[in-house]
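Colleague: Please take a close look at the aromatic rings of this protein and at the sheet, and explain each term as you use it.

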Amino acid sequence: MQEEGHESERWVGYVDWRNRPALRSKHGGMVAASFVLVVEIMENMAFLANASNLVTYLAEFMHLSPSVSATTVTNFMGTAFLLALLGGFLSDAVFTTYHIYLISALLEFLGLVILTVQAKSPTLKPPACRIPAASHAPCQEVSGGKAAILFAGLYLTALGVGGVKGSLPAHGAEQFDENTARGRKARSTFFNYFVFCLSCGGLVAVTLVVWVEDNKGWQWGFGISTLTILLSVPVFLAGSATYRNKIPTRSPLTTIAKVLVAAILNRRCRHNPINAVIDMAPSPVKTVEVDAKEEVRDDEGPNAELKCLNRAVEGKPMHGALLCTAKEVEDVKVVIKVLPIFLSTVMLSCCLAQLSTFSIQQAATMDTRVGGLTVPPASLPVFPVVFIMLLAPLYDHAIVPFARRVTGSETGISHLQRIGVGLALSIVAMAVAASVEAKRKRVARAAGLLDSAEPLPISFFWLALQYLFLGSADLFTLAGTLEFFFSEAPAGMRSLATSLSWASLAMGYYLSSLLVAVVNDVTGRGNSQAWMAGRSLNHYHLERFYWLMSALSSFNFLHFLFWANRYRYRSTGSKL
């Protein structure tokens, strides 16, 4: 009896930081997750402090051209977010999220040390630009060993950032008991405040640290980020005694590959697995609460969804390594079902990419004075950051409780509904952006400043409108996708699934670059001028590009509705 009572006190499948069984009375809960939230403020500040202003550093101190500087920043940020998949994979298959964070923070620290030393030492940077001579270029672009130091620092930092993004959200979410309604509600609150803390770190980054970089020197900006990520480690370690750490299982990719290969070899599927998602039964109209402990047992057969994958457990496999259980088949089905939802979020990420590209360039042509203070364009992300910081607590403490009373459901607003609201807001945001850009060009034309570098007589606060809608869209969608992917994914794939939210951001950055290239190629044929070509933004047809983005976002929203209406929740039977 004593042993039985001791067993009931344990968190099954979890250990503490010393690799001993985690106990319900000591480990997990909001106290443990609070350390994660504080660490996220510090980590995101260290990342965004450099990412938001990096294009300026590359152009002014490394003497890269504007296009090369922009491409370098895009590649850096895209790589960092894509590497979150690696961090999530390792958290599921090899190490705990606890260890992955510590390793990743160390890598990010080392990368920032390299960048700080290079920014401090004149001998590690190209010489300052000279006055143009008749036969000599005024600036020497970074090259050779100096370029190697720069990119080593950048991509070591990106590797660390990816590991942190891939492990930290899942580590915080793992602290809650998903088998109780109270635990699931607390986990939802955690994800809302995780996005809030992202914004807190971003606020410090785009205000204080950007000012330091522009006025005191980049060695101080990099130095602040380096010190911050270093201090985040003892803060994280301070919560070690409260954490429960999920024991890693075997590689989730191995399970996915095994089921797919087994299904194909056991007499080929009649339908392609991707197209077969269409055969999913639609969700019930009413919300049905399901015990989170409920899982498919090995002695039960798989369900009727994606029937072609059921062949993986039919008959004797061609090889012992392809032996699959019904639970493994169901786990892979969940992965396939969430992929269309994941792809639906990429277009929103593409819209968000405009906030760090064209929106900054728009602001650079406008009046950025606030009283006697001139706001640097790199600080413009303060708008969506502040909006998110205001909306996140309001959403968690007012909107969700009200929705719970109205709908009678545990979540109030389902994960897919949150994502859908964000996607709908992105349509409005790009339409507003197009309208504001048209107004900016009318002002430039009326003032006779189309070909002038002087600030236009229009306040940059007009851009706050598109930031408002995109910031709201980011809050709904990012928090929604983080919780959706975590709660729907099989237990052994949750860190990797949560990383899909960051991978969506990476793909959005890449898609933005691709769209600009394609649009310029199509519109610049013949004797026509490409929409976004030339040295002056005033001669761009940026408003047309924004209208195109709004139209594409509308089609993307319809694509999302198709899949969301057919999606059946793993944890609840909620409809969209």
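Modeller: The answer below begins with the basis of the values, continues with the rings and ends with the sheet.

This is a predicted model, in which local features need pLDDT of at least 70 and side-chain atom pairs count only at pLDDT 80 or more, whereas totals for chains, interfaces and linings use all residues. Residues are numbered from 1 along each chain as its sequence is written, and side-chain values use heavy atoms, with hydrogens and water left out.

A pair of aromatic rings is described by the distance of the centres and the angle of the planes. Rings of Phe, Tyr and Trp (for Trp, the six-membered ring) pair if their centres lie within 6.5 Å; planes under 30 degrees apart count as stacked, over 60 as edge-to-face and the rest as tilted. In the whole structure, the search finds 25 aromatic pairs. One of them is Phe-151 with Tyr-155: the centres are 6.5 Å apart and the planes stand at 25 degrees, so this pair is stacked. Both residues belong to helix 7 (residues 144-173), where they are four residues apart, about one turn of the helix. A helix here is a DSSP run of H or I with at least four residues, a strand is a run of E with at least two, and both are numbered from the N terminus.

Phe-151 is partly exposed, with a relative accessible area of 32%, and Tyr-155 is partly exposed at 30%. Phe-484 and Phe-485 form a tilted pair, 5.5 Å centre to centre with 55 degrees between the planes; both of these residues are buried. Buried means under 20% relative accessible area, exposed over 50% and partly exposed in between, with a 1.4 Å probe and protein chains only. One aromatic cluster is formed by Phe-35, Tyr-98, Tyr-101, Phe-236 and Tyr-243.

Charges also meet rings. Arg-24 lies over the face of Trp-11, at 4.1 Å from the ring centre, and the charged end of Arg-494 sits over the ring of Phe-486, 4.9 Å from its centre. The criterion is NZ of Lys or CZ of Arg within 6 Å of the ring centre and within 35 degrees of the ring normal.

Turning to the sheet, two strands pair if DSSP finds at least two bridges between them. Strand 1 (residues 10-15) runs antiparallel to strand 2 (residues 21-23) and is joined to it by two bridges, with Arg-10 opposite Leu-23. Two bridges also join strand 1 to strand 3 (residues 245-246), again antiparallel.
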